[in-house]
Structure formats: structure tokens, C-alpha cells
Amino acid sequence: MWWRRTLSRSCRCCLGCGRSGAKGIWSLHTRPVCSAPALPAGRITALQALDVWKRHFEEKGVTEPEHSSQYIIAHLLGAKTIESVDQQSLTQFLSKEKTEQVWQLCTRRLSRMPVQYVIEEWDFRDLTLKLRPPVFIPRPETEELVELVLTDLQRHPGAAETRRQTCLEVGCGSGAVSLSLLKSLPQLEAFALDRSQDAVDLSRENALRLGLQDRLKVYHMDVIKDAERMLGLFSSISALVSNPPYLFSEDMATLEPEILRFEDHAALDGGEDGLNVIRQILALAPDFLSDRGRVYLEVDPRHPPLVRRWTEENVEGLRYAETRHDASGRPRFCILQKEESHKDPDQD
Amino acid sequence: MAYRRLVSLLSRRREWAPHFQTPQRVHGKTVCKHPTHHPARNQKLLHTGRPVMTMMKLLSVDELFAKRSLQEHLKKVEKEYNECLQAVTYSATDDECSEDELKEKRTKVSLLAPLIQSIRELDKKQQEITETEMLLKDMLTIQVLELLIPEEEADMSDLVLEVTAGVGGQEAMLFTAEMFDMYEGFARYHGWSFDVLEHMSSDLGGLRHASASISGSQSYKKMKFEAGVHRVQRVPKTEKQGRTHTSTMTVAVLPQPTEISFTINPKDLRIETTRASGAGGQHVNTTDSAVRIVHLPTGLVAECQQERSQLKNREKAMKSLRAKLYSMKLEEETSKRYNQRKVQIGTKGRSEKIRTYNYAQDRITDHRISMTVHDVRSFLLGEDLLNEMNSSLQEFSNQEALMELLEEGNQAEP
């Protein structure tokens with residue numbers, strides 16, 4: 001991966017340009033991507049380190065300079081936020097080792113690597129997830145997507161006692177959505193798929209760390225290329241959830257470096273109108289879902305009316321139920337419902 | 001403590017009762033029935049075993065013991081025992097008694113010893129029972145009084161605690177941090193949960209403002225007495241000339257309503273996040289998950305940036321907002337009622353200096369009930385000392401409430 005090589009060069013270079021490594025990994029022609037402040041000669045406290053790096057991030061135009069240094073240093077002090085670090089730990093001198101760690105991680109941030117990748121974790125609802133580039137970092141809006149699905153699944157626990165509730169997630173990334181649902185619904189069984197092997201691996205890893213691996217099956221599949229295989233695998237699903245790539249291709253260029261350089265573009269680019277993957281999901285949905293099963297999609301704010309029209313014109317058996325807004329008041333979620341089956345009622 | 005003694009007393013009594021039925025094993029064991037002066041009540045509290053098999057004109061144990069002749073005989077025996085014991089103990093120095101006499105006395109001592117021991121145990125137990133009875137009576141009296149006092153609507157709820165640094169700059173902020181820690185200790189002491197909602201610290205380790213959601217049994221009921229202005233008098237750490245400064249901090253205690261009792265219309269809320277600008281969603285990656293909620297009709301604001309998850313921040317901000325709104329509603333309703341009282345809870349209390357922490361004299365004085373305790377360091381742990389003061393405040397408040405109730409009753413009478 002191109003980004004890995006850039007990382008290692010910049011890191012080691014910054015930590016000790018003077019050292020000609022015994023391993024001879026770096027060459028003299030390597031230009032540092034970043035220019036970090038030198039490691040302090042004497043000892044410093046966490047508070048001082050926060051200040052040094054905040055100013056440095058500001059100088060180098062790194063976004064959210066204060067938050068960045070706070071989250072990274074808090075993480076190294078064993079806390080999630082700087083507010084939860086006790087006064088003593090903040091004012092004590094950091095050990096040499098700890099100082100080096102601070103410098104190492106903050107230097108990564110200099111290359112505009114998102115904080116979530118720098119500390120390799122982040123919170124999503126009540127979970128803490130392991131995160132690694134290029135697997136897509138869950139956004140706050142997606143926390144609300146989970147809320148929508150939960151509300152419905154909790155209200156209708158399933159027709160028959162014998163039939164368990166199941167959900168299918170298309171494009172699971174780090175596993176955030178599926179794992180959140182599993183955590184909140186002990187009776188749920190989840191299937192998740194992603195076209196990226198990295199995402200599949202990370203989802204499985206997070207499932208294991210959270211003890212939810214027994215109820216989650218992750219597949220390395222592409223909803224467009226592997227449609228036929230999928231049709232054979234999934235049926236009678238209670239809820240189909242997805243945060244599919246929904247950006248318009250033309251918007252990709254305007255993305256900030258944090259996203260462009262480090263996140264998988266395939267997880268973002270939805271085609272010319274951002275609906276390529278969405279259309280495919282909707283087309284297949286009626287075959288996956290049980291009667292009255294629902295589709296929950298996170299989309300671009302411009303999409304809901306387009307999704308409604310397209311579904312009405314192209315997907316029999318799927319009815320557009322409602323549009324929901326996110327906390328910022330933007331239309332963000334489309335909910336669709338499988339129409340009552342007109343087929344033979346024995347066929348279920 | 002006495003209650004526990006009562007329980008152990010009760011359990012031991014059940015062991016005694018069977019012994020009473022087998023007279024041959026009575027020797028060496030104390031047999032005692034409960035004092036007769038309150039038979040009816042004691043039958044419920046102090047259970048005795050089954051009565052012995054009836055024989056004609058057999059006296060009960062109580063009747064026997066009540067006999068004067070028996071009491072006198074016991075006294076005689078005791079006297080005899082003491083005399084013999086004395087003689088035997090000091091026989092070495094005294095040549096008054098002969099060998100045979102001494103031997104006789106020794107034998108008597110060993111024969112009487114079990115009886116004497118039992119008598120003494122009996123006396124002791126009698127005393128214990130009397131004490132316990134009195135304690136029970138006190139407890140029940142208190143219970144009656146407490147049940148008389150009308151309970152506040154919010155007494156059963158949890159609370160949101162808010163601390164704010166007042167006058168005194170950095171020193172005030174340091175004091176605020178210590179007070180916040182004290183209340184965390186207090187929560188731990190009572191087994192309540194303490195969930196930080198907001199925490200704005202200053203550079204030098206002080207606290208500008210913080211709030212926490214506290215929940216547990218009687219949490220609001222106890223914590224409400226902490227609301228008001230707390231004052232500290234000491235030489236600040238930053239003070240070079242050793243002068244004493246006075247700084248203040250304010251504690252606000254907001255009851256937390258349950259979902260059912262108090263609902264907020266989502267349409268009345270404006271939720272502000274950093275995602276607001278731009279397209280949000282997949283377009284943006286940010287670590288700033290702070291949430292600010294504005295209640296449009298009242299203008300009340302709550303914010304939270306304690307968590308990395310935006311949803312969690314929103315939940316905490318909502319908790320804070322609910323408590324503020326509920327508190328406002330309650331104040332409107334109860335401000336008339338509490339106007340007369342010394343131990344204020346509510347708007348009046350918020351600007352009132354309720355307590356002073358004086359380091360030089362190592363004392364903490366609560367001005368509402370003029371109570372002083374010592375050992376500021378221990379007090380700030382939020383354990384026994386604070387609990388004592390808190391209990392006293394509660395008692396005082398109860399008394400005032402009771403007086404008010406009785407006065408109302410008096411006025412109502414024709």
C-alpha cells in the first residue's frame with residue numbers, strides 16, 4: 001500500500017535523521033513528508049506536549065489541531081478523552097518512552113492521517129472499534145442509522161417465536177453497524193459483506209474483540225459482481241442495512257486529505273449520481289427480505305426523492321416508506337419496505 | 001448497633017426455649033423469660049418457645065423469679081460465694097482459716113460458681129433488653145415522624161450535579177475541582193453512580209464548570225442540601241506572601257425526572273454539532289463530536305463533549321437539559337412553599353452562602369444549622385464527616401417541615 005511506505009519513511013526520518021540505521025532502511029535521498037519538531041532534550045509533561053503539538057499542527061495547517069493532540073495524547077495516557085485524564089497524569093513528566101510514542105503518533109497526524117487511524121481505534125455508539133486504513137471510518141450520522149433499525153426491530157421482535165431476527169449489511173467496513181445491532185439485540189443474527197478483504201478482516205477482528213463473533217458471518221463479496229451468489233445465500237432477512245458509497249464522483253476531488261489519502265475510495269464513490277451501489281441494493285432487496293422486511297439506507301441529502309422515484313419505477317415488491325433526517329436536520333436516511341407477497345403463501 | 005444485638009438476642013432465645021423443656025440440662029444455662037411489664041407487645045417481638053407441660057399449680061418461671069423469697073435467697077447465695085471466694089483468694093496471707101475450713105470454702109466456691117455466673121449473665125441480659133426496647137421505641141417514633149413529613153415530588157429521583165467556580169480566580173477553580181472530587185467520593189460512599197456529563201478545566205488543574213449525573217437510592221434527597229455557595233478560606237498554593245484568601249464556588253442540584261413524568265417535544269430542540277456545515281456524512285471526517293442542544297422556548301442550553309461518540313454526547317447533553325428544565329418547572333411550583341424555611345432548597349438557596357471551609361482553624365461550618373465539624377482534609381473525602389453533616393441537615397429540614405405541617409393544621413382548626 002502506497003500510504004504505508006510513506007508513513008514509515010516519514011516516521012523514522014523524523015525520529016532520528018542522524019541515525020544511519022543498522023538496518024539501512026532509509027536512504028539519504030528520502031525527503032521527509034513531514035517536519036516534526038525535534039524530540040525534547042529534557043523531560044516534558046503531557047500538558048506541555050499538548051501545547052507543542054497543537055501549535056505545530058496549526059503551523060502545518062493540520063485540521064482540528066487542538067482535538068488532534070488531545071485525543072492522541074489522551075490515548076497514550078490510557079484515556080479516551082483529555083477530560084478524563086486526571087490532573088496528576090497531565091502535570092507529571094512523561095517517561096522517555098512515552099515521549100517518543102507521543103512524537104511518533106503525532107508525526108503520523110502531520111501527514112493528515114485521521115486521528116482514528118493514528119490511534120487505531122474510535123468509539124461508535126457504545127462500542128470501541130479497532131480501525132485501520134484504508135477501511136472506512138464510521139461517521140456520526142451512521143450512529144443514527146443504527147438507532148432507526150433498532151427502534152423498528154425492538155418494536156416488532158419477529159412474527160413467529162421460532163424464527164430469529166436476521167439482518168444483512170452491505171458494505172460493513174469496520175463492522176460498526178452490524179456489531180452495534182448485535183450488541184443491542186441479543187437474539188439477532190447478522191450477515192455482513194464487503195468487497196474489500198481489509199474490511200472483511202477488520203470486521204471479523206472487531207467481532208472477536210467484542211465477543212460477538214458467534215452471531216456474525218462476514219463475507220468477502222461485491223454486491224454488484226457477486227449478486228447471483230448472494231441470492232443463493234440470503235433470504236428471509238428482517239432488515240437490510242447499508243451505508244453504501246454515496247458520494248457523487250465529481251465531489252471526490254473536493255474531499256479533505258484525511259479522506260482522500262487514507263480511506264478506501266471505493267467505500268465513498270457512488271458514481272456519477274452517487275446511486276450506483278444503492279440501485280443495486282434496492283434491486284436485489286425484495287429477494288433477500290422477508291415479508292414486511294425493511295431496507296435502511298444512509299444516503300446523500302440529495303438522494304431521497306431520487307431513491308423514491310427510482311424505486312417506484314424499477315423495483316416491484318419494494319415500497320418507499322419514509323425519509324428520516326439526521327441530527328443536523330438534513331434528509332439522510334431512506335426506509336423502504338417489502339410489499340406483501342402476492343405469491344403462493346406456502347412459498348416463504 | 002443495638003438492632004443487631006436484638007437480632008442476636010432473638011436468635012439465641014430460640015436456642016434457649018428447648019432447653020427449658022429439659023430441666024436436667026437447665027443447670028449451667030441461663031433460662032430467662034422476657035420481662036413481664038409489656039407482655040402484649042413483646043409477644044410479637046420477643047418470641048419464646050413453647051410453654052412447658054402443664055402440671056397443677058406449677059408456677060411459671062416469671063412467677064418464681066418474681067418471688068421475693070427467691071430473690072433474697074439469690075442474694076444470700078451470692079454473698080456466701082463472695083465471702084468464700086475472698087477467703088480462698090487471700091488464704092495465703094491470712095491464718096484465720098484452718099486447712100479444713102479452706103478446703104470446705106474452696107468446694108463451695110466451685111459448686112456455686114456456675115449459679116453465680118448464670119445470675120450475673122441474667123442481670124446483664126435484663127439490662128440489654130431494656131436498652132434495646134428503648135432503642136426500638138425510639139426508632140419507631142422516628143419512623144412515625146418521618147412518615148408524617150410530606151415528601152417532595154423530586155425526592156425519589158436521581159439528580160444532575162453542577163459545580164461552578166465563583167469568586168477567586170485560579171484558587172476558586174482549584175477549590176471547585178476539590179469539591180467535585182468530594183461529591184464523587186460521596187457518591188461512591190453511598191454506592192451511587194457518578195457519570196460526568198461536562199468537565200471544563202483550567203490550565204493549572206482547576207475546574208471552571210462541571211456537571212455529573214448521579215443516580216442511586218435517595219441521591220437527590222441527600223444531595224439537595226449541598227446546593228448553594230461554598231466558601232473556602234485558606235492560603236492559596238500560588239500565594240507567595242502567605243496571606244489567606246477567600247474564594248467561592250457554587251453547587252447546583254437539579255433533580256432528574258423520569259421519562260414518563262416529564263417529556264420534551266423534539267420540535268422544541270435545536271441540536272448543534274460540527275457536522276452542521278457542509279454536506280456532512282461521508283464527505284467529512286472529524287473527531288469533534290461535541291453536541292450542543294438549545295431548548296428554543298426557554299433558551300436553556302446544554303452541551304457535552306465528554307465522549308468520542310456523538311450519540312453519547314447527545315444523550316448526555318439531553319440528560320443535562322432535562323434536569324435543567326425540570327428544575328425550572330419545580331422551582332416555579334415550590335418557591336412559595338419554601339420561602340419561610342431556613343434550610344433552603346431552590347432559587348433562594350442558590351446564591352446563599354451555606355458553608356465555609358476554613359483551613360487555618362481546620363473547621364467546616366454549615367451556616368444554616370450552625371454546625372461545625374473539624375478536619376477539612378477528611379471532610380473533603382466525602383465520607384463519614386460529610387455524611388454526618390448531611391444527616392444533620394436532613395433532620396433539621398424534617399423538623400422544619402413537620403413544624404410547618406403542624407402549624408398549617410393548627411390554623412385549619414376552627
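This is a predicted model: local features need pLDDT of at least 70, side-chain atom pairs count only at pLDDT 80 or more; totals for chains, interfaces and linings use all residues.

User: What makes the pair of Trp53(A) and Trp103(A) edge-to-face?

Analyst: The structure holds 10 aromatic pairs over all chains. In the pair of Trp53(A) and Trp103(A), the ring centres are 5.4 Å apart and the planes stand at 75°. Rings pair if their centres lie within 6.5 Å, and planes over 60 degrees apart count as edge-to-face; the pair is therefore edge-to-face. Trp53(A) belongs to helix α2 (residues 46-59) of chain A and Trp103(A) to helix α5 (residues 96-110) of chain A, 50 residues apart, and the pair links these distant parts of the chain.

User: Why is Trp103(A) called buried?

Analyst: Buried means under 20% relative accessible area. Trp103(A) has 4% relative accessibility and therefore counts as buried. Trp53(A), at 0%, is buried as well.

User: How do you know that Phe175(B) and Tyr357(B) tie together parts of chain B?

Analyst: Their ring centres lie 5.5 Å apart with planes at 70°, so this pair is edge-to-face. Phe175(B) sits in helix α6 (residues 169-190) and Tyr357(B) in strand β9 (residues 353-358), so the pair joins parts 182 residues apart in sequence. Phe175(B) is buried at 0% relative accessibility, and Tyr357(B) is buried at 0%.

User: Why is Glu101(B) called partly exposed?

Analyst: Buried means under 20% and exposed over 50%, with partly exposed in between. Glu101(B) has 40% relative accessibility, so the residue counts as partly exposed.

Methods
Residues are numbered from 1 along each chain as its sequence is written. Chains are lettered from A and ligands numbered from 1 in the order in which they are written. Side-chain values use heavy atoms; hydrogens and water are left out. Buried means under 20% relative accessible area, exposed over 50%, partly exposed in between (1.4 Å probe, protein chains only). Rings of Phe, Tyr and Trp (its six-membered ring) pair if their centres lie within 6.5 Å; planes under 30 degrees apart count as stacked, over 60 as edge-to-face and the rest as tilted. Helices (H or I, at least four residues) and strands (E, at least two) are DSSP runs, numbered from the N terminus.
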